[in-house]
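Here's a quick tour of a protein model, written for someone who likes to know the cut-offs. Have a look at the model first, then read on.

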Amino acid sequence: MLVMALWAWHTGRSPRALLALSWDSDWYLGIAAYGYGTTLYWPDGVVQSDLAFFPLYPALVRAVTTVLPVAGGTAGLLVSWTAAGAAAWGIFLIGERLHGRGAATALVLLWGLLPHSIVLSMAYTEPLLTAFAAWSLYAVLTRRWLWAGALAGLAGAARPNGIAVAAAVGAAAACEAYRLLRDERRTDWRLWAGAAVAPAGWAGYVLWVGARGGDPLRGYFAVQAGWTSRFDFGVGTFGFTRTVLTRPMELGFTGALLITAAGVVLFALLLLDRPPLPLLVYTAVLVVIAVGGSGFFESKPRFLLPAFPLLLPVACALRRARPRAAAVVVAALAGLSYGYGTYLLTLAPMAL
């Protein structure tokens, strides 16, 4: 943030405005201030409705502005920064439970040094989703099913890809129920209650948007299609990849392709590492949504920010590495993150 702020001041721009009012932040703050109901119609046929944005983050921003004498942008940053801290704590606990404190520290460090990690300091929803996801997954690993389901429900109300948390809780609950049945033991009602509550936030908002448009099951996806966002099993991703490889493109598009490809490679390494089922399901759903969806390819690395389990194999390798080698890797990642994050906010012409 300091590097970005220095460059912003050098170019005569406000660091706070860049963090609080860039791209989708305007939409979220508008919803927080005035509620839903804004739609933009563009000459190329794109129809952008604020119904595409899930309600939890704007609701929290509205709550902060009600309690504290701050503007919407400042409230958004307070929510995001608090959520990022909570996410880091949850990620650390998961890493510690699986691989010890050293690997857990490396995991949080790597997550904070991702090329798009500047988003974790912006008025965006990725910190909020990651916080609820990390704590929900930790609750699953510690068999606290009601907490897991409730937190998954909140994650689903934060972002469209929050459904990944509900999928992880549901898969873990089904596996646990099968194990208990096999051992001829009675299942705890909390198991079923947690699994039932987990998709409530996501499903509730999707159905509400659909009902508002007269088509409960498909209405929300029609809104997303107006933004040119739809799930096409990777057809759009393949076409965009071919375009990037065959003609000159802005750095942000090329960077998005490289980072997304790295995410796929890291997922393959995670599979070889054989993580617990809920982490595997959660990460797999996020990767499938990011790679299999079309529209706004430049945002795909941001969509992968909540997929922190992708970094588990790298964190373990970093923990085992010699201190000098680990320091070189961390310094290189820090330099990339500082420079690329500054570029994304102050120079890149594409949406973040």
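## Aromatic pairs

Rings of Phe, Tyr and Trp (its six-membered ring) pair if their centres lie within 6.5 Å; planes under 30 degrees apart count as stacked, over 60 as edge-to-face and the rest as tilted. By that rule, this structure holds 20 aromatic pairs. Take Phe-53 and Trp-227: their ring centres sit 5.4 Å apart with the planes at 85°, so the pair is edge-to-face. It ties together distant parts of the chain, 174 residues apart: Phe-53 is in the loop between strand 2 (47–49) and helix 4, and Trp-227 is in the loop between helix 12 (219–226) and strand 3 (230–231).

Phe-53 and Trp-227 are both buried (under 20% relative accessible area, with exposed over 50% and partly exposed in between; 1.4 Å probe, protein chains only). Ring pairs also join Phe-53 and Trp-227 in a cluster with Trp-27, Tyr-28, Tyr-57 and Phe-296.

## Where the numbers come from

This is a predicted model: local features need pLDDT of at least 70, side-chain atom pairs count only at pLDDT 80 or more, and totals for chains, interfaces and linings use all residues. Residues are numbered from 1 along each chain as its sequence is written, and side-chain values use heavy atoms, leaving out hydrogens and water.

## The whole chain

Of the protein's 352 residues, 51% count as buried. The C-alpha trace spans about 65 × 60 × 50 Å along its principal axes. Among contacts (heavy atoms within 4.5 Å) between residues at least 6 apart in sequence, 72% join residues at least 24 apart.

Definitions and conventions. Helix = DSSP H or I, 4+ residues; strand = E, 2+ residues; numbered from the N terminus.
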